[in-house]
Amino acid sequence: MNKKLAWKFVLIGFIAFLCIWETYPPDAKLKPGIDLAGGTSLLYQINTDNLSDYEKKNIAQTMIRILQERVDPGNKMNLVWRPHGFDRIEIQMPLASKESRQKREAYESLRDQLGASNIDIGAVRETLVHPEGMSREDYLQVRARRFEELAGGSAERLEALAKLGEAQDAFEAINRQNQEAVTAIATTEKSLQQAEL
């Protein structure tokens with residue numbers, strides 16, 4: 001009897017060794033499910049009003065297929081899609097791995113740094129508008145201070161903003177000349193009409 005049991009123990013030991021060999025290291029080869037690793041489980045109910053009985057039977061599978069194609073076409077996010085009855089879908093989303101969270105935090109940090117170094121185009125446009133009732137000298141002083149704030153200590157940016165201000169001044173001067181010319185033409189035409197020429 002011991003000989004019959006001995007080979008069974010050897011076989012069990014060999015199978016256990018193979019199992020351990022295949023799953024080692026467990027962090028790299030085994031992925032814990034949503035119950036162990038954490039995550040979110042969502043349950044959606046599909047509005048089946050105005051559908052035929054045949055359409056109602058297949059609506060959950062059809063919606064799962066459509067949503068998979070749109071949300072996770074390559075199944076890279078490891079989402080679990082399950083139909084519940086004919087009109088409900090369960091979507092399980094595992095938490096991101098530690099590596100993914102670290103990459104996300106690094107990305108957000110770099111994005112914030114880039115955003116802090118960017119110039120707000122809306123603020124630049126607002127600075128270029130000459131407020132009514134403000135003298136030209138006061139406006140130029142306010143604009144120069146605002147450009148220094150927007151440049152954030154960068155000499156290159158301050159130079160570019162100063163050139164932009166000069167271009168805006170030249171544009172406004174040309175626009176004023178154009179308006180004066182249009183007014184002069186209108187006055188001349190009016191004079192000609194009055195003189196009946």
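**Exercise 1.** Locate Val80 in the predicted model and determine whether Val80 counts as buried, partly exposed or exposed.

*Solution.* Val80 lies in strand 2, which spans residues 80–84. The relative accessibility of Val80 is 31%. Buried requires under 20% and exposed requires over 50%; Val80 therefore counts as partly exposed. Beyond the neighbours within four places in sequence, Val80 is in contact with Glu90, Ile91 and Gln92.

**Exercise 2.** Describe the sheet to which strand 2 belongs, and state what packs on the sheet.

*Solution.* The sheet is open, with 3 strands in the order 1-3-2 and antiparallel pairing. Strand 1 (39–45) and strand 2 are the edge strands, each pairing on one side only. From one strand to the next, the twist averages 20 degrees. Strand 2 pairs with strand 3 (residues 88–94) in the antiparallel sense over 5 bridges. Within this pair, Pro83 stands opposite Ile89 of strand 3. Helix 4 (residues 53–71) packs on the sheet and touches strand 2 and strand 3; the direction of helix 4 makes about 160 degrees with that of strand 2.

**Exercise 3.** Classify the relative orientation of helix 6 and helix 7, and characterise their contact.

*Solution.* Helix 6 (residues 121–128) and helix 7 (residues 136–151) pack at about 165 degrees, their axes being 10 Å apart. Angles over 145 degrees count as roughly antiparallel, and the two helices are therefore roughly antiparallel to each other. The crossing is left-handed. Helix 6 contributes Ala123, Val124, Thr127 and Leu128, which meet Tyr139, Arg143, Arg146, Phe147 and Leu150 of helix 7. By class, this contact has 6 nonpolar, 1 polar and 2 charged residues.

Terms used
Residues numbered from 1 in each chain as written. Predicted model: local features only at pLDDT ≥ 70, side-chain atom pairs only at ≥ 80, totals over all residues. Heavy atoms only, no water. Axes fitted to C-alpha atoms, helices over the stretch in contact; angles between N-to-C directions. Helix = DSSP H or I, 4+ residues; strand = E, 2+ residues; numbered from the N terminus. Parallel < 35°, antiparallel > 145°, perpendicular 65-115°, else oblique. Left-handed = near helix turned anticlockwise from the far one by under 90°. Contact = heavy atoms within 4.5 Å. Nonpolar A, V, L, I, M, F, W, Y, C, P; charged D, E, K, R; others polar. Buried < 20%, exposed > 50% of the residue type's maximum accessible area, 1.4 Å probe, protein only. Pairing = 2+ DSSP bridges.
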